[in-house]
Every structure is written in C-alpha cells, then in structure tokens.
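Student: I would like to go through this structure with you and ask what stands behind the words used to describe it.

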Amino acid sequence: MLALLHGASSSEMRILKTDDIDQQAHTVRLGKRPHPVPLDPASWTVLQRCLAHREAWRTHNPHVIVTKGTEAGRSPASTAYLSHVLDDCGIPPRMIRSTRLVAW
C-alpha cells in the first residue's frame with residue numbers, strides 16, 4: 001500500500017520503525033522525506049495490521065516489518081525479503097512503486 005499509494009521505496013519500507021509513526025495524526029516518516037506522509041484509511045489499516053502482527057511476535061525489533069529472521073534482533077527485513085514478498089501475486093514492489101511515480 002505504501003508503494004502503490006505513496007510511492008514508498010523498498011528501502012523506505014524496510015527501515016520504517018515504530019517511532020516513525022504518529023498514531024494521532026495518522027502519518028509516517030518515510031526515509032529522508034522532509035515531511036511526514038499522511039496516510040489514507042486503507043494504508044492506515046494495513047499499517048495497523050502490520051503492527052498487530054509485529055505485536056503478536058512480542059519482538060523488541062524497532063522496525064515495522066519483522067520477519068522470522070529479524071524478530072530476535074534489531075535489524076530491518078532484508079532487501080531480498082521485500083523484493084519477494086509479493087511473488088505470489090506476480091508483481092514486484094518496484095513495479096508497484098513505479099506505477100505510482102508515473103501517475104504523479
């Protein structure tokens with residue numbers, strides 16, 4: 001959702017931490033963008049689901065996207081993980097992001 005609706009790169013999604021989320025304003029800080037990104041209801045719902053998944057793992061990893069390989073540590077999900085997370089639907093995250101950037 002962040003790639004499709006907000007043009008977020010895989011890197012921006014990988015390094016997104018829970019501290020980058022403003023629960024009150026429904027915004028996130030993505031990478032080195034100068035301003036927080038306001039999230040639409042669909043993106044906010046997806047983010048909340050990610051946070052619930054993360055919470056269920058009881059991890060101390062500060063990143064929003066946590067995998068089996070990162071739950072015990074503090075590092076972000078791997079680049080490979082994010083590049084293959086959508087393999088089942090046949091569309092890579094880079095293509096989704098590119099579609100959004102062309103629309104701008």
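Predicted model: local features only at pLDDT ≥ 70, side-chain atom pairs only at ≥ 80, totals over all residues.

Student: Why is Thr-27 called buried?

Tutor: Buried means under 20% relative accessible area, exposed over 50%, and partly exposed in between, with a 1.4 Å probe and protein chains only. Thr-27 has a relative accessible area of 12%, and is therefore buried.

Student: What makes β1 and β2 a pair?

Tutor: Two strands (DSSP runs of E, at least two residues) pair if DSSP finds at least two bridges between them. β1 and β2 are joined by two bridges in the antiparallel sense, and Thr-27 in β2 is the bridge partner of Asp-22. The open sheet has three strands in the order β1-β2-β3 with antiparallel pairing, and its edge strands, β1 (21-22) and β3 (37-38), each pair on one side only.

Student: How do you know that the length of helix α3 agrees with its number of residues?

Tutor: A helix here is a DSSP run of H or I, at least four residues, and its expected span is 1.5 Å times one less than its number of residues. The 16 residues of α3 (residues 41-56) should therefore span 22 Å, and the end C-alpha atoms are 23 Å apart, which agrees.

Student: Which residues of α3 are buried, and what do they pack against?

Tutor: Ser-43, Trp-44, Leu-47, Leu-51 and Arg-54 are buried in α3. The buried residues of α3 pack against α1 (2-6), β1 and β2.

Student: What makes the contact between Arg-33 and Glu-12 a salt bridge?

Tutor: The term asks for a side-chain nitrogen of Lys or Arg within 4 Å of a carboxyl oxygen of Asp or Glu. The closest N and O atoms of Arg-33 and Glu-12 are 3.0 Å apart, and the pair forms a salt bridge. This pair links distant parts of the chain, with Arg-33 in the loop between β2 and β3 and Glu-12 in helix α2 (residues 10-14), 21 residues apart.

Student: Why does Arg-33 count as partly exposed?

Tutor: Arg-33 has 22% relative accessibility, so it counts as partly exposed, whereas Glu-12, with a relative accessible area of 12%, is buried.

Methods. Residues numbered from 1 in each chain as written. Heavy atoms only, no water. Contact = heavy atoms within 4.5 Å.
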